[in-house]
Amino acid sequence: MSNNVEADYSNYVVYGPDANCTLALCPAELSVYQYRPSLAANVCFLLFFALAGIIHLVIGLKWRSWFFVVCMSCGCICEIVGYGGRLWLWQNPFSFSGFLMQIICITFAPTFFTAAIYITLSKIIVYLGPQYARFRPRFYYWFFIPCDLLSLVLQSVGGALSSTSEGGSNAAVNVSIAGLAFQVVVIVVFIALTFEYVWRYRKGQRLTPRTTPLSRGFKIFSYFMAISITFILIRCCYRIDELSEGYGGDLIHNEGLFIALEGVMVLVAAYTLIIAHPGPVFAGLDEEKIVQETTTAHDPEK
């Protein structure tokens with residue numbers, strides 16, 4: 001930003017709760033993002049996340065997969081609110097309320113999607129055989145869900161700190177990065193444990209094969225579940241890199257990267273999880289079944 005521009009607009013507040021700039025008074029380049037968010041892109045994201053949420057709700061109610069549908073619905077609602085905030089920024093790039101809506105909701109929305117994925121691993125283990133798992137299926141409830149909640153709390157606190165910051169402190173950014181980094185670590189651990197289970201399962205199948213082959217539906221479910229967690233991992237790595245330079249870095253000012261590596265990645269994950277919905281695959285595999293399997297059938301091959 002040149003000294004002339006600073007002098008021309010030195011009497012205006014461009015960021016924070018006391019911001020008094022509008023597009024009629026200041027150019028969008030002076031806003032925190034240094035651009036006016038795309039109207040078309042953000043309308044599309046809002047509508048597609050709304051549609052995804054409706055589809056997840058319908059499928060979840062049909063198959064009574066309550067935890068999964070609650071997580072996916074909450075995630076889609078957060079995305080809708082977040083992109084509503086970006087539409088507010090399209091109208092006024094200096095709106096602090098719009099900034100907070102999108103920075104908070106879009107940042108932590110995928111934690112709801114990962115929670116839905118984590119809980120599904122327990123069902124996969126019960127379905128394929130708890131005897132191949134290193135840990136009892138219920139362990140994945142009690143380990144990954146609290147970790148996901150901690151990530152959610154950190155990212156929420158980062159957003160809350162943004163609401164009290166005038167932009168002169170990096171505390172909000174650092175806390176958000178901590179939440180995202182922790183989420184990445186948890187996702188990597190989840191992927192590693194999943195791969196280990198698959199390896200142990202295949203090893204066990206060489207000794208005692210299944211009487212019936214895995215269904216085509218289960219294989220499709222597994223492929224799309226893997227795609228969704230991979231896309232969310234890519235998105236989290238991008239957001240860490242984006243926020244590592246703070247609100248003044250180059251990445252946060254690049255809307256194209258945001259659309260591709262935040263919006264598209266999470267939207268694809270939301271829709272792949274429609275195909276990877278656990279209801280049709282694990283119909284009849286309820287919580288009581290999981291508890292029974294974890295207490296009577298856990299004899300993993302070490």
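Reader: Start with Cys147. Buried or exposed?
Author: This is a predicted model, so read everything as computed. Cys147 is buried, with a relative accessible area of 13%.

Reader: And Cys78, buried or exposed?
Author: Cys78 is buried, with a relative accessible area of 12%.

Reader: How many disulfides are there?
Author: The count is one disulfide. Cys21 and Cys26 form it, with their sulfur atoms 1.9 Å apart.

Reader: What is the torsion about that S-S bond?
Author: About -65 degrees for Cys21 and Cys26, so the disulfide is left-handed.

Reader: Are those two cysteines buried or exposed?
Author: Cys21 is buried, at 2% relative accessible area. Cys26 is buried too, and its value is 2%.

Reader: Back to Cys78. Which cysteine sulfur is nearest to it?
Author: That of Cys105, 5.2 Å away. Cys78 is in no disulfide. The cut-off for a sulfur pair is 2.5 Å.

Reader: New topic: the largest nonpolar core. Which residues touch the most other members?
Author: Phe113, Phe221 and Leu273. The core has 50 residues.

Reader: Which elements give two or more residues to it?
Author: Helices H2 (39-63), H3 (66-91), H5 (110-128), H6 (137-164), H7 (171-207), H8 (216-243) and H9 (255-275).

Reader: Where does the largest share come from?
Author: From H5, with ten residues.

Reader: What is Leu273 in contact with?
Author: Leave aside its neighbours within four places in sequence. Then Leu273 is in contact with His56, Phe68, Met72, Phe113, Ile117, Met225 and Ser228.

Reader: What other core is there?
Author: Another core, of 15 residues, lies apart from the largest one. Its members include Tyr33, Leu89, Phe96 and Leu243.

Reader: Last one. How do the lining residues divide into nonpolar, polar and charged?
Author: The lining of the largest pocket has 16 nonpolar residues, five polar and two charged.

Conventions
Residues are numbered from 1 along each chain as its sequence is written. This is a predicted model: local features need pLDDT of at least 70, side-chain atom pairs count only at pLDDT 80 or more; totals for chains, interfaces and linings use all residues. Side-chain values use heavy atoms; hydrogens and water are left out. A nonpolar core is a set of buried Ala, Val, Leu, Ile, Met, Phe, Trp, Tyr and Cys residues joined through side-chain atoms within 4.5 Å. Buried means under 20% relative accessible area, exposed over 50%, partly exposed in between (1.4 Å probe, protein chains only). Helices (H or I, at least four residues) and strands (E, at least two) are DSSP runs, numbered from the N terminus. Contact means heavy atoms within 4.5 Å. Ala, Val, Leu, Ile, Met, Phe, Trp, Tyr, Cys and Pro count as nonpolar, Asp, Glu, Lys and Arg as charged, and the others, Gly among them, as polar.
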